[in-house]
Amino acid sequence: MKRIISALLAAVLAFSLAACGSGSQPTANQEPATAASQAPAAAKTAAPAADPAPAAEPAQTGGLPVLSPSNPVTLTTWITSNYAAPSNDNKLTKLLKDKLGVTISYEIITPDNADQKIGVMLAGGDYPDLVGAVELNARFITGGALIPLDDYLKPDVADVLYTHVEPYWNRLSFDAGDGAKHIYVLPNYNRYYGEITGGTNYSASGFWIQKDVLADAGYPDIENMTLDKYFKLIKDYMAKYPTIEGQPTIGFEILAANGREWGLTNPPEYLAGAPNNGGVIVDSNNVAAIFADKEISKTYYQYLNQMNAEGVVDQETFTQTLDQYLAKLASGRVLGMYDQRWNFGNAYDSLHSAGKDERTYVSLLPVYDGYKPYYADREVMNINQGFGVSVSCQQPDVAVAFLNTLLSEEWQKLLSWGIEGEDYSVGADGLFTRSEAQRNNAKDLVWRASNRLEALLDILPKHQGTYSDGNAYSADDQPTEFFATLVDYDKDFLTKYNKKTWRDFLNQPPDNPVYYPAWNIALPDGSEAQMANTQLTDTSLQFLPKAILAAPSEFESIWSDYVAQIGKINIKAYEDAVNAGIQERIANWG
């Protein structure tokens, strides 16, 4: 469901202090007043210190301005996220306004509605100041919606942002179609500083299973997991507990909502011991080929067909939206599903907040005989996913100054840990800790709406890893804080499996190949490769639900029709584009 939520608006601004989105706006076809036509001065990263002095106007020397409540601005944002906008009484919203003079106006789109909205925005050519992009085809870039940021990304201009992108300049640069590569989008996840810590790998995939299923089975051995073992656990639990809290128990959900089709199409590559390269498997010679029509896929979908015949698969699984899927997980009656941890975080948090920790999930890693699990990779920095500054923004220097300031350690700690003394304490050793009450607050979704900026932080660039003072990026990543945060049920569950964190349930990830991952190789909008990829996805969505829900005697016929339809698609154009991207990355990222 599309949610458009606006934060508190600032008072009417004088013309001379107009915000980025005010006044007449250039269209995507006009040349914006951007870094390409300016020589901005160094940004000053405003720390949330004492109350600002109300006197002098902040200095500005023709470049990035100093953000100050004496120069109030409103920044309009478009964010794709599962998180909601903050409540009107949010304390960090107030802090942004009181310390920086910035008010954020939110338009938040859930991922399953983003594709259509992007098309409408590109057709209209009018954009909010900051565009939070997460789609993989880089349409905001190729469609001319975003300005290049290169001239801002200098050590004497946007200093913090420069440090953030400089080691990865080549992989973050993108050709919008004019033959020149620029950085348009600041990566929102997995750019790490210092030591990587944390008890949860949010990017990990897996066949998730409710903790109570394992507990009820006596905490069985989960090594050398297979589909047979995984589904036997589910079937045995369903037979013993046909209802949960008065509702029918659901054995297995298949995520196939708009924008989340990978929940249906990706599992075969994992079962065959391959990492997540999207719609292709890349062999040892760095050559990519689709697997949708291969035997590893047929084996998986035929297995799901049998599970459906045995009543394990939810009969609504292919007709529900992403919100409906998450709501079912949050109900506590879904025993298992293939998914990626970040995608169902809201449902997990809802169960946790309701005290239903036995209904939350751990990841199991089934593979076919002869293969080793490769479900967890080393967290991959997002490419072309994060905030960009739009061509409609009248003062892009203000927008860049805002992003530069919020990436400073002082503001990152505010956004991820909260306010010192209210949300955490600093020990004599300098480490951040929380009281039990503060930990409970962080589990409360209502509290978080008033005390966190989750949707904004979801798209902002982040200082993941460790800060310069040795503290982890967030409380969940602080090793001592992680275990202390756990409820007794989870502590006992981990102890039963002789594990310390949820990461311990995953495979130990090897070093990523230089090109990895292939799923974020951009396919030019309207190209043969992109059309082939879209047709392959559409064909999978057309045939695979039929194959899974059909009587077992009908599976072979439907599968043959599916493979024949794939044969009509220009798969070579898709594979060639992916392979060209792989070789380009090997040449430039190595």
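**Notes on a predicted model**

1. D349 is a buried residue, with a relative accessible area of 17% (buried is under 20%, exposed over 50% and partly exposed in between, using a 1.4 Å probe and protein chains only). The place of D349 is helix α12, residues 345–353. Helices here are DSSP runs of H or I with at least four residues, strands are E runs of at least two, and both are numbered from the N terminus. Leaving out residues up to four places away in sequence, D349 touches L445 and R448, where contact means heavy atoms within 4.5 Å.

2. A word on the ground rules, before you read on. This is a predicted model, in which local features need pLDDT of at least 70 and side-chain atom pairs count only at pLDDT 80 or more, while totals for chains, interfaces and linings use all residues. Residues are numbered from 1 along each chain as its sequence is written, and side-chain values use heavy atoms, with hydrogens and water left out.

3. Now the overall picture. The chain has 590 residues, and 56% of them count as buried. Its secondary structure consists of 22 helices and 19 strands. Taking contacts between residues at least 6 apart in sequence, 78% join residues at least 24 apart. The accessible surface of the chain is about 24,000 Å², with 52% belonging to carbon and sulfur atoms; areas come from the Shrake-Rupley method with a 1.4 Å probe, and for residues only the protein chains shown count as cover.

4. The second largest pocket deserves a look, with about 820 Å³ of space. Pockets and cavities are found on a 1 Å grid over the protein atoms alone: a cavity is a set of points where a 1.4 Å probe fits but cannot get out, a pocket is an open set with protein on both sides within 12 Å along at least five of seven lines, and lining residues have an atom within 4 Å of a point. Grid points are joined across faces, edges and corners, and a volume is the space filled by probe spheres set on the points. Of the 39 lining residues of this pocket, Y192, I196, D377, R378 and E379 are the closest to its centre.

5. Where does the second largest pocket lie? Its lining takes residues from both domain 1 (58–195 + 381–476) and domain 2 (205–375 + 512–589), so the pocket lies between them; the domain bounds come from an automatic or database assignment. Helix α18 (residues 479–485) gives the largest share of the lining, three residues. By class, the lining holds 17 nonpolar, 11 polar and 11 charged residues (Ala, Val, Leu, Ile, Met, Phe, Trp, Tyr, Cys and Pro are nonpolar, Asp, Glu, Lys and Arg charged, and the others, Gly among them, polar).

6. The structure holds two cavities of 30 Å³ or more, and the largest cavity has about 100 Å³ of space. Among the residues that line the largest cavity are W208, R341, Y348, W502 and R503. Strand β15 (residues 361–364) provides the largest share of that lining, three residues. The lining divides into seven nonpolar, three polar and two charged residues.

7. Some backbone details may interest you. Most residues other than glycine have a negative phi, and most peptide bonds are trans. The Y516 to P517 peptide bond is cis, with omega near 0 degrees, and P517 is in the loop between α19 (488–496) and α20 (528–549). N224 has a positive phi of about 50 degrees without being a glycine; N384 has a positive phi too, near 60 degrees.

8. Is N384 buried or exposed? N384 is buried, at 8% relative accessible area, in the loop between β15 and β16 (386–389). N224, by contrast, is exposed at 65%, and its loop joins α6 (211–216) and α7 (227–240).

9. Helix α1 (residues 91–100) is mostly covered, with seven of its 10 residues buried. These are K91, L92, T93, L95, L96, K99 and L100. They pack against β2 (102–109), α13 (396–406), α14 (409–416) and α16 (445–451).

10. Last, Q530 in helix α20. Q530 is buried, with a relative accessible area of 10%. Not counting residues up to four places away in sequence, Q530 touches N137, L523, P524 and D525. The C-alpha atoms of Q530 and A573 are separated by 8.5 Å, although the two residues are 43 apart along the chain.
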